[in-house]
Amino acid sequence: MPNKNELTVITTHINADFDALASMLAAQKLYPESLVVFPGSQEKNLRNFFIQSMVYLFNMADIKDIDLSRIKRLVIVDTRQPNRIGKLASILNRPDVEIHVFDHHPDMPNDIKGQYEIIETTGATVSLLTEIIDKKGIKLTPDEATIMCLGIYEDTGSFSFPSTTEKDFLAAAKLLSSGANLNIVSSLIDREMSPAQVRLLNEMIQASTSYSINGVEITVTSVSSDEYVPDFAFLVHKMMRMDDLDAIFALARMVNKIYIIARSKVAEVDVGTILAPLGGGGHTFAAAATIKGKTLVQIEHALMDILSRKVRSRRLARELMSSPPIMVQTDVSCKEASNLLTRYNINALLVAEKCGKTNKLAGYISRQVIEKALFHKLDHIPVREYMTTELGTVGPNADLREIQEQIIENKQRILPVMENGVVLGVVTRTDLLNVLVGQSQVASDRHPDPLKETVHARTRNITKFLKERLSKRFLDMFRQIGEVADNLGYGAYVVGGFVRDLFLYRPNEDIDIVIEGDGIAFARRYAKMTGARIHSYAKFGTAVVIFPDGFKIDVASARMEYYKFPAALPTVETSSIKLDLFRRDFTINTLAIQLNKNRFGLLIDFFGAQKDLKAKAIRVLHNLSFVEDPTRVFRAIRFEQRFGFTIGKLTSGLIENAVRMDFFKQLSGRRVFSELRQILEEENPSAAIVRLNDYDLLKVIHPTITVGNDLLELFNSVKKVLSWFDLLFLEESYMKWAVYFLALTGRTDEKVLEEICRRFELPPRYRVIFGKERFAAERNLLWLERNVPVKNSVLYKRLSEFRTELILYMMAKTNYEKVKRAISHYFTNLRYIKSSIRGKDLLEMGIVPGPIYRRILQAVLDARLNGEVKSKAEELAFVKRIIKSRERL
């Protein structure tokens, strides 16, 4: 007979989940006289109405009411970590206490040791206990079976987690045969979230950052809440499923504690091992930790440090290498080789030798060797005389260990990656060091140079987001693009402004596709598949695919650009997606989404674009960006104003430097005008014009152009006039930018205007509009201001000779309301009035053809405009009268 003063207590870990709860219930079936005791807050664990309604199943006691000295047997389920069982850890070392352990987590150094242990790696601890209960022939009620089944479903992710085993399926089958209610299980697993949980989940998603650590994509998110929000693990699981993440570490500060929930679907990320140094516990695919006395920032830094050391490498040479490799022939001179090293900003060159139609790798030559050769006046000597010919190589599937051995043991600066005698790419010493010291895992404000060092992307799968944001047509099109690229062995990406605007929730149907391979060959294959046609440009490796309905997409081979001198047009060469993105103007335009089937929807961020989008910052990728292409200054200002962003401090300083150095004088006028025109096409260009003035950039147009209150008032007036005109819905195309350009140059005389037109290399039709026609419009406006109101026919004659842009310019420029109303009256009531009769009608009336026809028809139109006639019959009668009286002719 057991002593009634001696207690058997069943417990589990703090913040018990459904598996822990289910395991305690199952253990109670094996230890009928026991007490079930939560080590933490009982209320938090009984947070669900269903579980609360099932309390009668448990012989439950509050730990505050337990005399610990009476405990003679402690049954621990779903954990072996002493720091996770609260006050009960104090009795572990008592010799009179018998410890029984049931757990499915892997072994840890400080695990609790029991006199009786059932330890086995399964998806859920309750699966082990179910097996024992079945063997002992213990009967379960439907309610008991439902709770135990709930534990299995939660801890195995409804049997989707890689930790799921055969025993989990068998246990679930046994519980179903015992009456487990799957409707209840499903409703609890996919339960509705409270408003507080919805808010927290949204914050988790917004705060998430994806890191590529040793080749594994890991998402880390960090949030704070002044109140305790229950079911944090449920929210983490939901986020993992929503974004199809491989591994996630979610940190939350709630009240005065920090909670960490970790989930993983890949063997390289053992979350139990990773959280152990932080006092956490769990198994390979699920773990948790609770920490007091430290800040969120401290824990996040500690976690990143552990990740860099504990995540097992998935790095292969094909992922580390830079491609295509930059190579020279053996007969290239040391001087030419030096120029190439400088152009590409690299420290070593592969050297190849022609063997028939192919290149055979001959060796490599370093920058140091080249510099010494030049110092000794050996500029003209071919590189084959001084290259290193003994070098190791690796295949594309070589792992980090093999790469490390080849580079370090052979003292190589550059390691060729080869397959079937062809050099696919190179791994440099810097690439290796970046991986070994974890540089790629630490977020940095700087933007590394991919020509000089390997830049590892932050990635995350956004397929669900694409389904929410894109039409079926676009999704199908992107999948087709990926399919064609797969068939050709190419990488395919949608890049640039389209991707940027997805995240800014702005409409954008300008699709740019980048192909790692032959972009034109891809475009031809894709056009054939879809019934489209293409225009290709071999010089740049680009093509435009035009669909039958007129929709277009731009296709380009991944390429890099270099500039032979400041403000020059770029020289283009093929490259990888990484180098293609590096050539772009600003970080926010460097996002790419992969379209290949096996990585469809993978967002790639090499240069911190997501961070700058969140910070609403415009930043260049490198410090010589405006030296290479000064037109980027205009784009920086345009994007800043369009998106309501701010130009970063460093970028702003680089703009000021470019203005001081006057790199703009080397730009062709056509390129400057193109950028100015795009600024004037924006919704509200006046703010951008002010910013151009702030940077003293209006002088690029002409030194006499300045911003004052009068110009800003005119721009605001233009904006109002254009908005009014667009609301008329006349379906008339006109050049909005031209109206703003007329306003911008409205104070210039003929000489200055001619200089501006010549500087911008404007075509003759634009010169006429901004010159001769503008001056005529201004003279006409002066007449109207002096003479309005006038007859409709007079107003019509005064305005109908001008194009729409000039009439709108007059309307914006005048300060007289009566003139604005008159022009409005012309647009809305007079402009499209036509007379009904024609020359043939006059001929039928017996009027002899001649100059009189024009005078008669003009008189009829005047009468129609002035309301004197309203029908064809009245027009004919009017003609008879004026012929008879010769009046108005």
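A residue counts as buried when its relative accessible area is under 20%. In this predicted model, that cut-off picks out Thr 125, Val 126, Ser 127, Leu 128, Leu 129, Thr 130, Ile 132 and Ile 133 in helix α4.

**Helix α4**

Helix α4 spans residues 125-135 and is mostly covered, with 8 of its 11 residues buried. Helices and strands both contribute to the cover over these buried residues. The helices include α1 (18-30), α5 (142-155) and α6 (166-177). The strands include β4 (71-77), β5 (98-103) and β6 (116-119). After α4 comes Gly 137, which has a positive phi, near 70°.

Strand β14 covers residues 348-355 and runs parallel to β13, to which 3 bridges join it. One of the residues involved is Gln 329, whose bridge partner in β14 is Ala 352.

| Helix pair | Angle | Axes |
|---|---|---|
| α18 (residues 472-488) and α20 (residues 519-530) | about 125° | 10 Å apart |
| α29 (residues 736-744) and α33 (residues 804-813) | roughly 50° | within 9 Å |

The angle between α18 and α20 is about 125°, and these helices are therefore oblique to each other. The crossing of α18 past α20 is right-handed. On the α18 side, the residues that meet α20 are Met 477, Gln 480, Ile 481, Glu 483, Val 484, Ala 485, Asn 487 and Leu 488. On the α20 side they are Ala 521, Phe 522, Arg 525, Tyr 526, Met 529 and Thr 530. The residues of this contact comprise 9 nonpolar, 3 polar and 2 charged.

For the other pair, the axes cross at roughly 50°, which makes α29 oblique to α33. Here α29 passes α33 in a right-handed crossing. From α29, Ala 738, Val 739, Leu 742 and Ala 743 take part in the contact, where they meet Glu 805, Leu 806, Leu 808 and Tyr 809 of α33. Of the residues in the contact of α29 with α33, 7 are nonpolar, none is polar and 1 is charged.

Methods: Residues are numbered from 1 along each chain as its sequence is written. This is a predicted model: local features need pLDDT of at least 70, side-chain atom pairs count only at pLDDT 80 or more; totals for chains, interfaces and linings use all residues. Side-chain values use heavy atoms; hydrogens and water are left out. Buried means under 20% relative accessible area, exposed over 50%, partly exposed in between (1.4 Å probe, protein chains only). Helices (H or I, at least four residues) and strands (E, at least two) are DSSP runs, numbered from the N terminus. Contact means heavy atoms within 4.5 Å. Axes are lines fitted to C-alpha atoms, for helices over the stretch in contact, and angles run from 0 to 180 degrees between N-to-C directions. Angles under 35 degrees count as roughly parallel, over 145 as roughly antiparallel, 65 to 115 as roughly perpendicular and the rest as oblique. A crossing is left-handed if the near helix is turned anticlockwise from the far one by less than a right angle, and right-handed if clockwise. Ala, Val, Leu, Ile, Met, Phe, Trp, Tyr, Cys and Pro count as nonpolar, Asp, Glu, Lys and Arg as charged, and the others, Gly among them, as polar. Two strands pair if DSSP finds at least two bridges between them.
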